[in-house]
Structures are given as C-alpha cells and as structure tokens.
Amino acid sequence: MFDFLKRFDFWNKLFPPKETTGNEAKQRLRLVLIHDRADVNPEVMNLLKVDLIDVISKYMEIDINAIDIGFERKDGSIALAANIPVIRLRNLKDNIQKEEQKVEVNVTDFSAKELVNETMKRKEEQAPRETSQQTQNRYPRRQRYPKAQEEQTPRKRARKNYKKSYAPENKSEPKNSKKPATITTQPARREGNA
Amino acid sequence: MGKVIVITSGKGGVGKTTAVANIGSGLAKVGKKVALIDGDIGLRNLDLIMGLENRIVFDLFDVVHKKCRSYKQALIKDKRFSDTLFLLPAPQSKEKDAVQPEQMRQLCEEMKTEFDFLIIDCPAGIEHGFKNAVAGADEAIIITNPEVSAVRDADRIIGLLEAQEKNNLSLIINRYKKELVKKGDMLSIDDVREILNVDLLGIVPEDERILHCSNKGEPAILDQSSSAGEAYRSIVERIINPGLEFNIKKEKGFFEKVKNFFTLKRN
C-alpha cells in the first residue's frame with residue numbers, strides 16, 4: 001500500500017507545473033548575451049550608427065553629435081532605442097515627411113556577426129547604378145522565339161529546295177500576308193528537276 | 001600530419017581537464033598516437049588526473065626555453081597504452097606569461113609531424129593562458145555545463161575563437177542531468193545549442209564515478225561502469241568519424257509508464 005504513496009510523484013511527472021526555472025534561465029541568458037555581444041563588438045554599433053545617420057539624413061537634418069543609441073530592457077524583452085535630435089525636415093520633391101523623431105526597433109535575437117554581414121550587404125547594394133547601355137551590353141538582345149533546328153533529312157531538304165524554287169520572285173512581301181494559292185508557272189525549271 | 005585540438009571553456013571547473021584526459025585516452029586506445037599538453041601553467045592538473053604526477057622531469061617551460069634537448073625528453077609515456085599516449089606537463093612554479101603564443105605555435109608545428117592528435121588543455125579565463133593554448137590549434141572543442149554562467153562564458157570564448165579565425169568549433173555539454181531537464185529545472189540540450197549556435201559533439205552525464213577515477217588517477221573512459229566514460233567513448237568515435245549520428249536512447253512511452261504503475265514490484 002505504501003508503494004502507492006511513493007508513486008504519487010508519477011502524477012507530477014505526467015502533469016508538471018508550468019513554472020520552470022529552466023525557461024527563466026534561458027530567457028535571462030538570451031537577454032544578457034545580447035548585451036554582452038554588443039559590448040564586445042562596439043564596431044557593430046558604430047556601423048549601425050553610421051548607417052542610421054545616412055538613412056535619416058535623407059529625410060531630415062539631424063544633430064549627429066547628440067545621437068544616443070543603445071539597448072533598453074523592458075519587461076523581459078530587449079529593444080534597440082535611439083534618441084536622435086532633429087533640426088529640421090528636408091523638403092523632398094515628393095514631400096515625404098516623417099513625424100517620428102524617436103526610432104524604436106525591436107531586437108529579439110541576433111548575433112553580432114549577422115549584423116555586420118547585413119551592413120556589408122547593404123553597402124554593396126548602394127553601389128552606383130548602371131546605365132541602360134551597360135545593362136543592354138550585359139543582356140544582348142536575342143530572338144524571342146528562336147527557330148527550332150529541324151532535322152535535315154534528304155526528303156525535307158528536297159522539299160525545302162522545291163519550296164524555294166516555287167516561291168514568288170517578289171521577296172519583299174510580308175510573310176503573314178494572305179495570298180490565294182496561285183501557281184506561278186515555271187514549267188521549264190520543273191521539267192529540269194524531274 | 002596531426003590535428004591540434006584545444007579544449008577550452010572560459011569558465012573554470014566545467015570539465016576541461018577531465019575531457020582532455022578521457023578523449024586523449026580514448027583516441028590512444030583505438031591506436032592513434034596522441035600527445036596531451038597541459039596548458040595550465042602554474043596550476044597543473046592534467047598529470048594528476050592521468051595518474052602520472054610522479055614521473056615529471058621536464059615540463060612545457062623547459063621545452064619552450066630550451067632547457068632540455070627537445071620535447072621528446074619532456075614527454076611522459078603512459079604505460080597503460082602501448083606507446084600511443086604521451087603527456088607534456090605544465091610547470092607548477094611559473095606564471096602564465098612564462099610562455100608566449102608564438103612559442104606554443106612553433107611547438108605545435110613541430111610536434112604535429114610526429115603525432116596523430118595533439119590535445120591541449122586550456123586554462124580557464126580569456127587572458128594570456130587562453131591565448132597560449134589556442135595559438136597552435138586547428139580545432140577547438142568547447143566544454144560547457146547546462147548552467148547560466150558556464151553558457152555565458154562559453155559564448156564569450158566562442159566570440160574570441162571566431163575573432164582569431166578558429167572556425168572549426170564543436171561543443172560538449174558536460175554534467176548533464178536528465179531528470180532535472182525533464183523537470184524543467186535545467187537548460188536542455190536544445191536550449192544550449194540554440195543559444196551558442198555551435199555543432200554539438202557530445203553530451204556527458206553527471207557521474208559519481210568521475211570522482212572515483214580522479215581519486216585513483218585513471219581516466220573514466222577505462223572504467224566500464226561509468227556512464228560518463230561511455231559518453232566519452234562515443235565522443236571519441238565521433239571525432240574519428242565526423243559524420244556519425246547521435247545514438248539517442250528511446251524514452252519509455254506513456255503506456256509503458258502506466259503499465260509500470262499498475263504492476264506490483266516484488267523486491
């Protein structure tokens with residue numbers, strides 16, 4: 001009978017309580033590692049800062065020396081917060097105006113390496129655009145519907161030659177024009193071929 | 001041409017020296033020619049774990065500063081393995097800066113020609129000792145425990161290794177307790193892998209026999225009743241055959257548990 005009491009633990013195993021310290025450890029580690037990796041790689045934050053300045057300067061004039069970018073911790077999640085003082089909005093031709101002066105980006109999981117790779121990719125994308133001539137040189141025009149290579153059997157060759165001899169002398173007529181099937185008589189040649 | 005593997009962790013006490021002793025012994029047992037190098041200058045322990053502490057004549061400092069003719073004089077041959085396992089001990093009375101990374105690199109280059117595997121025991125920390133141990137290495141095995149401080153330090157070490165262009169990294173999770181993971185009180189294997197993002201080499205369970213083996217000065221891999229020893233044996237197999245799949249034992253299904261609940265156990 002006392003065996004039954006020992007086996008009571010079995011129910012705890014079947015229906016374990018949801019509050020586990022293992023999950024808490026995982027969350028804490030995730031957050032602390034974001035901080036650690038950013039601290040160890042200040043170059044990444046600098047690259048990010050430079051890119052942000054580039055993008056935002058397109059739309060508004062900002063005070064570059066007073067920019068403050070860092071991580072903020074809120075209730076178990078982490079956010080990248082940037083405080084960027086704006087001097088004035090730029091007047092663009094299509095009148096894009098940004099109202100937000102504070103940029104908030106939620107960063108849940110990243111590695112410093114990935115961030116650097118992304119920045120490098122973006123820099124490559126900003127390479128100078130090529131002119132239309134350059135593009136045309138890269139992709140030369142080709143026939144839309146290239147003619148399929150037909151098998152040249154002797155019969156087909158003969159038929160082709162027959163067709164050629166049969167064709168009208170006026171070759172400037174467009175291909176798709178509909179003409180009645182007329183027999184242009186050149187009997188002498190036919191007799192020659194036969 | 002041999003491979004130089006450094007076993008590092010960042011945090012101390014996670015099981016580096018034990019891992020070096022066991023992996024080295026395992027490789028020597030299957031016939032590979034292995035040299036173990038204790039990189040923990042000033043706090044040597046590899047000789048104690050291997051049970052060779054009474055046979056030290058020359059050490060790493062003597063080799064590097066040419067106080068003996070060559071490294072062959074300093075190497076201690078382990079008699080349990082037929083001419084396949086050697087140990088190069090660390091000096092006990094010097095400090096970490098007694099040896100420079102460049103000297104370690106040269107020594108590894110020299111020893112590589114004679115041995116199939118060179119296994120270096122890295123000291124805890126990220127300073128001079130770490131730089132020394134990692135200088136000559138081709139591959140690195142990172143040891144960690146499924147515990148917050150160990151994983152945090154392992155992450156730092158991985159960052160440092162990648163910065164030194166050592167990209168051949170693998171992970172061993174040591175002192176793993178299956179029951180605690182099931183209860184949810186310990187970080188699981190997947191948690192650690194997700195956080196550290198390094199290929200997993202093996203999982204070594206917490207084992208009382210490790211203490212017995214270190215008391216006796218015998219690597220646990222030679223102990224047939226040690227579960228950690230068995231884990232190290234499979235790790236050694238994976239080092240030799242890199243593509244080997246993990247052998248995960250099947251868990252008891254729900255119905256088996258119910259069956260066990262209702263059957264009377266006769267003691």
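Visitor: What makes the meeting of the E206(B) and R175(B) side chains a salt bridge?

Guide: Their N to O distance is 3.2 Å. A salt bridge needs a side-chain nitrogen of Lys or Arg within 4 Å of a carboxyl oxygen of Asp or Glu, so this pair qualifies. E206(B) sits in the loop between β8 (199-205) and α10 (209-216) of chain B and R175(B) in strand β7 (residues 169-176), so the bridge ties together parts 31 residues apart in sequence. Helices (H or I, at least four residues) and strands (E, at least two) are DSSP runs, numbered from the N terminus.

Please keep in mind that this is a predicted model, in which local features need pLDDT of at least 70 and side-chain atom pairs count only at pLDDT 80 or more, while totals for chains, interfaces and linings use all residues. Residues are numbered from 1 along each chain as its sequence is written, chains are lettered from A and ligands numbered from 1 in the order written, and side-chain values use heavy atoms, leaving out hydrogens and water.

Visitor: Why is E206(B) called partly exposed?

Guide: Its relative accessible area is 33%. Buried means under 20%, exposed over 50%, and partly exposed in between (1.4 Å probe, protein chains only). R175(B), at 38%, is therefore partly exposed as well.

Visitor: What makes the pair F86(B) and F115(B) edge-to-face?

Guide: The ring centres are 5.7 Å apart and the planes stand at 70°, so the pair is edge-to-face. By the rule, rings of Phe, Tyr and Trp (its six-membered ring) pair if their centres lie within 6.5 Å; planes under 30 degrees apart count as stacked, over 60 as edge-to-face and the rest as tilted. Both residues are buried, and the structure holds 1 aromatic pair over all chains.

Visitor: What lies over the face of F115(B)?

Guide: That is K33(B), at 5.2 Å from the ring centre. A charge sits over a ring if NZ of Lys or CZ of Arg is within 6 Å of the ring centre and within 35 degrees of the ring normal. K33(B) also forms a salt bridge with E114(B), with closest N and O atoms 3.1 Å apart. Another lysine, K94(B), lies over the face of F61(B), at 4.6 Å from the ring centre.

Visitor: How do you know that K16(B) has no salt bridge?

Guide: The nearest side chain of opposite charge, D121(B), is 6.0 Å away, whereas the cut-off is 4 Å. For charges, Lys and Arg count as positive and Asp and Glu as negative; His and the chain ends are not counted. K16(B) is buried and lies in helix α1 of chain B.

Visitor: Why does K66(B) count as exposed?

Guide: Its relative accessibility is 68%, and exposed means over 50%. K66(B) also has a positive phi of about 55° although it is not a glycine. E165(B) is exposed too, with 64%, and its phi is near 65°.
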